[in-house]
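Q: I'm new to protein structures and would like to learn how to read one. Please walk me through this one, feature by feature.

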Amino acid sequence: MNVGILTFHFSDNYGAALQAYALRRWLTEHGHRAHFIDYRPAHIEHGGRLSLPTSPEKLKANLKVVYLALSSFLHQHFGNRDQRDKFAHFRERFLDVASDAAPTDNGASLAAAQAFDLIVAGSDQIWSPSQHFGFDPNYFLAFADAFRARKISYAASFGRDRVSSSEAEQLPRLLHHFDAISVREASGVTLVEQATGQRPANVPDPTLLHDNYTELTDRAPIAPDEPYVFCYGLRSPDNIRQTAELVSRQLNCRILSPHNPHRRWAEIGNTVYPDPGEWVGLVKNARFVVTNSFHGTVFALLFRKPFIVAGLTGDKAAANARAINLLRAVRLENRFAPSFSEHNTQALMNSPIDWANVDPRLGDLRQAGSDFLSAQLRAVTP
């Protein structure tokens, strides 16, 4: 089959790059031609357009646009050039996409998708409504309504466990474009079922479709010669900083933290600048993993690392749903720490993980994902 993938393949974000790599890899390993639809809308990372500030909501939206535009400018012109180049080279080598990451949402790449036999929306948080843009209909394949291709979502995520009432009202119209729907989180199952009356498949993130990442880790040059705690934090330093620092003291080893261009807080431990493959290698070789990231949790599980998921707090806590759903699926909910507690951190460090029980559950998730994709490929009309 000739398969098109629509996702956040263009982002300098480890989770986005790795889920894109993993989905394309599964398809190519099963004998299909898989290419990314090169849609890179400005509103995802560059801010997009300002609107007339006719209401408090639109004023907040404009502030988000300005923030993203400023962050993008600083990352592009004052960020770590070596890391930007590493992401570009990773995309060229493993995703087969050009290194240019500038926004392009003129519709040409979407129109070219008419050539595909199957179009897959996802994975990643492609259905997360932003404050300044809302839902992007293109990630619901609205542009492909008249295309002959079969249209599915694979492990699409809303990035949260609930949406507003006005957003919920839009979902029936947006979701009707699909021939089959699968989502990543149990909370997403509920949202789709409420909107369509049909229960979607619940499948794992593409990174869980594989149990072997030697293609990436064998080439990763970052291989510290002394033990370290791998700390990957997004959105907030609360909880994760205290947790990582306590683990570091208890194990008497340093902290390595991959650079986050959106970080607005002092670094945690020592900042490193890996590409996505090196990032995977850093997880694999860590003595302990502390993260508040979904994909940090995924790779800690895949590499059988002792870990703690330090939950996001306050108004960011809704984003914990992704990691919590995964931990529930493998019966490791106790590895989630909703807030910092020295006693709980030490207890988790002293509590070994029963990998003999975890691995079969990861295998079940992997099989569920493979079964869904295989069934959708078989359903493509010649």
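**Crossovers and strands**

A: Let's start with β11, α12 and β12, which together make a right-handed β-α-β unit. Helices (H or I, at least four residues) and strands (E, at least two) are DSSP runs, numbered from the N terminus. Right-handed means that, with the strands pointing away from the viewer, the path from the first strand over the helix to the second runs clockwise. Keep in mind that this is a predicted model: local features need pLDDT of at least 70 and side-chain atom pairs count only at pLDDT 80 or more, while totals for chains, interfaces and linings use all residues. Residues are numbered from 1 along each chain as its sequence is written, and side-chain values use heavy atoms, with hydrogens and water left out.

Q: Which residues of β11 are buried?

A: Buried means under 20% relative accessible area, exposed means over 50%, and partly exposed is in between (1.4 Å probe, protein chains only). Phe307 and Val309 on one side of β11, and Ile308 and Ala310 on the other, are all buried, so to speak covering both faces. In α12, the buried residues are Ala321, Arg322, Ala323, Asn325, Leu326 and Leu327. They pack against α7, α11 (294-302), β11 (307-310), β12 (336-337) and α14. After α12 comes Arg331, with a positive phi near 60 degrees.

**The sheet of four**

Q: What is the strand order in the open sheet of 4 strands?

A: Read across, the order is β2-β1-β3-β4, with parallel pairing. β2 (33-36) and β4 are at the edges with a single partner strand each, so one side of each has no neighbour in the sheet. From one strand to the next, the twist averages 25 degrees. Zooming in, β3 and β4 pair over 4 bridges, and Leu118 has Arg150 in β4 as its bridge partner.

Q: Which strands does α1 lie across?

A: α1 lies across β1 (2-6), β2 and β3, at about 155 degrees to β2. Such angles run from 0 to 180 degrees between N-to-C directions, with axes as lines fitted to C-alpha atoms, for helices over the stretch in contact. Helix α14 (residues 355-378) lies across β1, β3 and β4, at about 170 degrees to β4.

**Helix against helix**

Q: At what angle do α1 and α4 pack?

A: Two packed helices are described by the angle between their axes and the distance between the axes. Helix α1 (residues 14-29) and helix α4 (residues 81-95) pack at about 10 degrees, with axes 11 Å apart. That makes α1 and α4 roughly parallel (under 35 degrees; over 145 is roughly antiparallel, 65 to 115 roughly perpendicular and the rest oblique). Their contact residues divide into 9 nonpolar, 1 polar and 1 charged. Ala, Val, Leu, Ile, Met, Phe, Trp, Tyr, Cys and Pro count as nonpolar, Asp, Glu, Lys and Arg as charged, and the others, Gly among them, as polar.

Q: How do α6 and α7 cross?

A: Their axes come within 8 Å and cross at roughly 80 degrees, so α6 and α7 are roughly perpendicular. Leu171, Pro172 and Leu175 of α6 make the contact with Leu191, Val192, Ala195 and Thr196 of α7 (contact means heavy atoms within 4.5 Å).

**Two single residues**

Q: What does Leu18 touch?

A: Leu18 lies in helix α1 and is buried, at 0% relative accessibility. Leaving out residues up to four places away in sequence, Leu18 touches Phe90, Thr207, Leu216, Pro276, Trp279, Val280 and Phe299. Leu18 and Trp279 are 261 residues apart along the chain, yet their C-alpha atoms are separated by 9.8 Å.

Q: Where is Gln125?

A: Look in the loop between β3 (118-121) and β4 (150-153). Gln125 is buried, with a relative accessible area of 17%. Beyond its neighbours within four places in sequence, Gln125 is in contact with Phe8, Ser157, Gly159, Arg184, Arg235 and Arg322.

Terms used
Pairing = 2+ DSSP bridges.
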